[in-house]
Amino acid sequence: MKNVIIFFGSIVFLISCSQNNDLNFKKHNSNEDIELRSISSEVFERAGIQYIKGGISIHCTTNACDGNNTGHTDHCQVVTDLNGRFECTCSGCKMTVTFDTYKSEIDVWEQIYRENLHFDDFEAFTRRKHGIGIKSFNRVDFNFQPEVTTIMYTYELKDGTVETVMYSNTYTNKGIIDKTYEIDCSGSCGCREIFDFNTNRAECSCDDCILSVTVKE
């Protein structure tokens, strides 16, 4: 048995859940080890489907792996399985999913997997930029809005340098996907990608950055 702490608003619930995976992987379709932080109850509809509005973040604890590591670092990262579903890279990891908004009747995993998650684009991007195709990442941060979804991948190089890249999927007012963009900020000031949802424009976190935006086919 292991204890799972679920945060809902200002109330903390301690739930005991049975261990049903020998490697202690946190699978995408399990309710174990999920942190729920409820700030509001905003939802929107896209193409007849109800979506939770706002941010959703996924990361795995960064303690050292116990074994069976499928990532490129020696600590827990987020990776995808053969079906393109999120899981942790090795045994001894625990996945945490944090919501800006939570609605129990909406399946957040269905919402996430409806998006183009750009796994192949991400690997190709890291190969172009760093000379190595990376398939695992420190965390994934989503922001769901009616006309655009942004997906930021935070990843780590072998020397410990932490980098980010953002993808945005834009939609028409009928909920049909319009265009997708790869957004990258490079520079010496710890550049990070920022998306302004008021103007639907991408920018960088500081002046000493080069903004690169690529339209994906």
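Is cysteine 185 buried or exposed, and what is its relative accessible area? Cysteine 185 is buried, at 3% relative accessible area, a value that falls under the 20% cut-off for buried residues. The views below come from a predicted model.

**Figure 1. The whole chain contains two helices and 15 strands.** The chain has 217 residues, and buried residues make up 44% of them. Its accessible surface is about 11,300 Å². Carbon and sulfur atoms account for 47% of that surface. Taking contacts between residues at least 6 apart in sequence, 55% join residues at least 24 apart. The structure also holds five disulfides and 10 salt bridges. Some of these links are shown in the close-up views that follow.

**Figure 2. Cysteine 185 and cysteine 204 are joined by a disulfide.** A disulfide is a covalent bond between the sulfur atoms of two cysteines. In the pair of cysteine 185 and cysteine 204, the sulfur atoms are 2.1 Å apart. The pair links distant parts of the chain, with cysteine 185 in strand β12 (residues 177-187) and cysteine 204 in strand β14 (residues 201-204), 19 residues apart. The angle about the S-S bond is -90°, and the link is left-handed. Cysteine 204 has a relative accessibility of 18% and therefore counts as buried, because the cut-off for buried is under 20%. Cysteine 185, at 3%, is buried as well.

**Figure 3. A disulfide connects cysteine 60 with cysteine 88.** The distance from S to S is 2.1 Å. Cysteine 60 belongs to strand β5 (residues 54-60) and cysteine 88 to strand β7 (residues 86-88), so this pair ties together parts that are 28 residues apart in sequence. The torsion about the S-S bond is about -95°, so the disulfide is left-handed. Cysteine 60 and cysteine 88 are both buried.

**Figure 4. Cysteine 191 and cysteine 209 form a disulfide.** Their sulfur atoms lie 2.1 Å apart. Cysteine 191 sits in the loop between β12 and β13 (193-196), while cysteine 209 is in strand β15 (residues 209-216), so the pair ties together parts that are 18 residues apart in sequence. The link is left-handed, with -105° about the S-S bond. Cysteine 191 counts as buried at 4% relative accessibility, and cysteine 209 counts as buried at 17%.

**Figure 5. Arginine 46 and glutamate 115 form a salt bridge.** The closest N and O atoms of arginine 46 and glutamate 115 are 2.8 Å apart. Arginine 46 is in strand β3, and glutamate 115 is in the loop between α1 (108-113) and α2 (119-130), so the pair ties together parts that are 69 residues apart in sequence. Arginine 46 counts as buried, with 3% relative accessibility. Glutamate 115 is buried too, with a relative accessible area of 6%.

**Figure 6. The side chains of lysine 53 and glutamate 42 meet in a salt bridge.** The N to O distance is 3.8 Å. This pair links distant parts of the chain, 11 residues apart. Lysine 53 lies in the loop between β4 (49-52) and β5, and glutamate 42 lies in the loop between β2 (11-17) and β3 (43-46). Lysine 53 counts as partly exposed at 25% relative accessibility, and glutamate 42 counts as partly exposed at 43%.

**Figure 7. Lysine 103 and glutamate 105 make a salt bridge.** Their side chains meet at 3.4 Å, from N to O. Lysine 103 has a relative accessibility of 22% and counts as partly exposed. Glutamate 105 is exposed, its relative accessible area being 57%.

**Figure 8. Asparagine 143 is located in strand β9.** This strand covers residues 139-145. The side chain of asparagine 143 makes a polar contact of 2.8 Å with the side chain of glutamine 145. What is asparagine 143 in contact with, leaving aside its neighbours within four places in sequence? The residues in contact with asparagine 143 are then Gly54, Gly55, Val148, Thr149, Thr150 and Phe197.

Terms used:
Residues numbered from 1 in each chain as written. Predicted model: local features only at pLDDT ≥ 70, side-chain atom pairs only at ≥ 80, totals over all residues. Heavy atoms only, no water. Helix = DSSP H or I, 4+ residues; strand = E, 2+ residues; numbered from the N terminus. Polar contact = N/O pair within 3.5 Å; in protein donor to acceptor, adjacent residues only side chain to side chain. Contact = heavy atoms within 4.5 Å. Disulfide = S-S within 2.5 Å. Buried < 20%, exposed > 50% of the residue type's maximum accessible area, 1.4 Å probe, protein only. Areas by Shrake-Rupley, 256 points an atom, 1.4 Å probe, with all protein chains shown as cover. Salt bridge = Lys/Arg side-chain N within 4 Å of Asp/Glu carboxyl O.
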